[in-house]
Amino acid sequence: MTGVQTCALPICKMVSSQCGILGDGKLERFNEWFSSLPRPMFPKDFMFYDNEKDGFIWYYVYEEGMNVPEEFDIVDFPGGLYAVATEIDGKDATHIISVIKSFIKEKGCFEEDTTRKCLGNIFTTPLARKALGYEQMDYYVPIKIKS
C-alpha cells in the first residue's frame with residue numbers, strides 16, 4: 001500500500017494549549033504564540049481531539065529556555081511509533097484514517113496502540129497554501145510492533 005509512512009516521535013516535553021474548541025479563543029491564542037516563534041524546517045505542533053474532555057488539545061515541542069505564557073502547561077509526551085498519511089485539512093478524515101488502519105492490518109507487524117491519541121499537524125507553508133488554495137494535514141495513528 002502506498003501513501004502511508006511510519007515515523008517515531010521522541011519522548012519529550014510539549015507545551016499544551018489545554019482543552020479548547022475552535023472559536024473560544026484558547027486555541028487561537030496558542031496558535032498566535034507558537035506562530036510568533038521562528039518557523040522550523042518541520043512543524044513542531046500536533047493537535048488531537050480529546051473525547052473525555054470534548055475538545056481539542058494542541059501541543060508544541062518544548063525547548064529548554066522557551067518563553068511559555070502562563071496560561072499554557074508543559075506536559076510529558078510519550079512519543080512512539082505512528083502510521084502517517086496526508087489529506088486536505090478540513091476534509092472529513094474518515095477515509096484517510098481507514099487507509100492508515102488498512103496499512104496497519106496489511107503489514108501484519110504492527111497494531112494500533114490505543115493507549116495514545118491520534119494526532120494531526122498541518123505542514124503546508126504559507127507559499128504552498130497560497131498556490132494550492134488549501135492546507136495539507138498529516139494524520140498520525142499510534143502504532144506498536146506486534147509482540
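These questions and answers look at salt bridges in a predicted model. Residues are numbered from 1 along each chain as its sequence is written.

Q: How many salt bridges does the structure hold?
A: Side chains of opposite charge can pair when their charged atoms come close. A salt bridge here is a side-chain nitrogen of Lys or Arg within 4 Å of a carboxyl oxygen of Asp or Glu. The structure's count of such bridges is nine.

Q: How many residues apart in sequence are the parts that arginine 29 and glutamate 71 tie together?
A: The two side chains meet in a salt bridge, 2.9 Å from N to O. Arginine 29 sits in helix α1 (residues 26-35), and glutamate 71 in the loop between β4 (55-61) and β5 (73-77). Helices (H or I, at least four residues) and strands (E, at least two) are DSSP runs, numbered from the N terminus. The pair therefore links parts whose separation in sequence is 42 residues.

Q: Is glutamate 87 buried or exposed?
A: Buried means under 20% relative accessible area, exposed over 50%, and partly exposed in between (1.4 Å probe, protein chains only). Glutamate 87 has a relative accessible area of 13%, so it is buried.

Q: What is the N to O distance between arginine 116 and aspartate 113?
A: Arginine 116 is buried at 13% relative accessibility. Aspartate 113 is buried too, at 9%. Their side chains meet in a salt bridge, with an N to O distance of 3.0 Å.

Terms used. Predicted model: local features only at pLDDT ≥ 70, side-chain atom pairs only at ≥ 80, totals over all residues. Heavy atoms only, no water.
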